[in-house]
Amino acid sequence: WWSENSKVPAADWELALLTNRAIRLSTLQSQRDRLLPELQKVLLEQYRLAPEAQRANVLLRYLHSDADAIRVVGARITYEDSVNNLTVPPEARDRLRAMIGDSSPAVRHDVAQAIWALADVAAVDPLRVQLRQETVPAVKIQMVQALAKLGDIRCVPDLVPLLGQTSRAVAEATADALRILG
């Protein structure tokens, strides 16, 4: 191997190495993209099939997972249970509030959506704090919509600067929220 590769110019060798890594990364990302929806479907099914007395523990396990894809499932389950008028355990509400600043934008998005569905007024302050530092437009929109539904006018000073956002969708969601808040 060395006798063949020692004659290859360094730039060509590095390009071949980077190309091979890019191909492997693309393959792994494709596999992950196919695996995630299936994993989420299985976890949701596992939650729905769990005896009623164990569902809260299953949900909390999802919400406390180290894997962001599993935390997303927990947030989505909470959202679905809330919009379907099913009981959401208080511990899940507490955990969602703690997840507002999660490291994963997908988790933050779905947590804000779940808080919107729960109309959890105790989440106003954590939402305000995260909104000030949020960089992902889709997550900002979910947070703005949640704050609008919660109806706390203390969030107005946090919303007004978003009207000048480069993202038109964020600015429009903010204008709608301010209209709702009066």
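The model is predicted: local features need pLDDT of at least 70, side-chain atom pairs count only at pLDDT 80 or more, and totals for chains, interfaces and linings use all residues. Residues are numbered from 1 along each chain as its sequence is written, and side-chain values use heavy atoms, with hydrogens and water left out. Helices (H or I, at least four residues) are DSSP runs numbered from the N terminus.

**Salt bridges**

- The structure holds 16 salt bridges, each a side-chain nitrogen of Lys or Arg within 4 Å of a carboxyl oxygen of Asp or Glu.
- One of them joins Asp81 to Arg48, with the closest N and O atoms 2.9 Å apart; this pair links helix H4 (residues 68-83) to helix H2 across 33 residues.
- Asp81 is buried, at 3% relative accessible area, while Arg48 is partly exposed at 29% (buried means under 20%, exposed over 50%, partly exposed in between, with a 1.4 Å probe and protein chains only).
- Arg128 and Asp158 meet at 2.5 Å, N to O; Arg128 lies in helix H7 (residues 124-133) and Asp158 in helix H9, so the pair ties together parts 30 residues apart in sequence.
- Arg128 is buried, with a relative accessible area of 14%, and Asp158 is buried with 11%.
- Salt bridges that share partners join Asp125, Arg128, Arg132, Asp152, Arg154 and Asp158 into one network.

**Helix H10**

- Helix H10 (residues 168-181) has 14 residues and reaches 20 Å from its first C-alpha to its last, close to the 20 Å expected (1.5 Å times one less than the number of residues).
- Its buried residues are Val170, Ala171, Ala173, Thr174, Ala177, Leu178 and Leu181.
- Seen down the axis of H10, these buried residues fall within an arc of 165 degrees, so they line one face of the helix (the arc is that of the directions from the helix axis to the C-beta atoms).
- Arg168, Arg179 and Ile180 are exposed on the other side of H10.
- The cover over the buried residues of H10 includes helix H8 (137-150) and helix H9 (156-159).

- Asp110 is located in helix H6 (residues 105-118) and is buried, with a relative accessible area of 5%.
- Leaving aside neighbours within four places in sequence, Asp110 is in contact with Val72, Ala75 and Arg76 (contact means heavy atoms within 4.5 Å).

Methods: Helix = DSSP H or I, 4+ residues; strand = E, 2+ residues; numbered from the N terminus.
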